[in-house]
Amino acid sequence: MSEPQAVQPSPEDKKLVTLARATRARTGAAEGAAVRDSDGRTYAAATVDLPSLQVSALGVCVAMAVASGSGGLEAAVVLTEAESLVDADLAAVRDFAGAAVPVHRGDIRGNLVETHAG
C-alpha cells in the first residue's frame, strides 16, 4: 500500500469531507466516508455494524459505486477516530479504481490528516 502524504484537498474533496461528516453525525456511526466517481457522482455512507454484517464506511461507498455502474473513482474521504486506514479499504479502492486515487483520512471533525495515493 502507498505511504501517506501531506494533505492538500481540492475544493471538490472538501465537499466529500462535508458529506462524510454529515453522514457520520446523522447515524452516530464509528466512521463516515464519501467518494466521487469518474462521472462526478458522489456516494456517502457510514459504518455498518450489525450482528450479521460489518462493513466499513469506505467499503459501503465503494460497493455503492460499483453497484451503480460507475467506471471508477476520482477521490475518497474517510473520517474516523482510527490512527490509520484499514488495508482492506485501501485495497478495495485500488481494485476498483486504481492506485492513483487519493484516499484522504481525517478525524471525526473533518480535519484531514493524511492522504494515500499511488
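1. For the charge count, Lys and Arg are taken as positive and Asp and Glu as negative, while His and the chain ends are left out. On that basis, in this predicted model, the protein chain carries 10 positive and 15 negative charges, whose mean positions lie 8 Å apart.

2. The protein chain comprises three helices and eight strands. Their order along the sequence is β-α-β-β-β-β-α-β-α-β-β. Of the contacts between residues at least 6 apart in sequence, 58% join residues at least 24 apart.

3. The radius of gyration of the protein chain is 13 Å, which agrees with the value near 13 Å that a compact globule of 118 residues would have. Along the principal axes, the C-alpha atoms fill a box of roughly 35 × 30 × 25 Å.

4. Of the 118 residues, 45% are buried. The protein chain exposes about 6000 Å², and carbon and sulfur atoms supply 53% of this area.

5. The largest nonpolar core contains 18 residues, and A33, V35, L58, L73, V93 and V103 have the most contacts inside it. At least two residues of this core come from each of β2 (32-37), β3 (42-46), α2 (57-67), β6 (73-79) and α3 (87-97). The largest share, six residues, is supplied by α2. A second, separate core has eight residues, including L16, A75, V77 and L79.

6. Which residues does L73 touch, not counting those up to four places away in sequence? They are V35, R36, D37, S38, V62, A65, V93, F96, A97 and V101.

Notes
Residues are numbered from 1 along each chain as its sequence is written. This is a predicted model: local features need pLDDT of at least 70, side-chain atom pairs count only at pLDDT 80 or more; totals for chains, interfaces and linings use all residues. Side-chain values use heavy atoms; hydrogens and water are left out. Helices (H or I, at least four residues) and strands (E, at least two) are DSSP runs, numbered from the N terminus. The radius of gyration is taken over C-alpha atoms; the globule rule is 2.2 Å times the number of residues to the power 0.38. Buried means under 20% relative accessible area, exposed over 50%, partly exposed in between (1.4 Å probe, protein chains only). Contact means heavy atoms within 4.5 Å. Accessible areas come from the Shrake-Rupley method with a 1.4 Å probe; for residues, only the protein chains shown count as cover. The place of a charge is taken as NZ of Lys, CZ of Arg, CG of Asp or CD of Glu. A nonpolar core is a set of buried Ala, Val, Leu, Ile, Met, Phe, Trp, Tyr and Cys residues joined through side-chain atoms within 4.5 Å.
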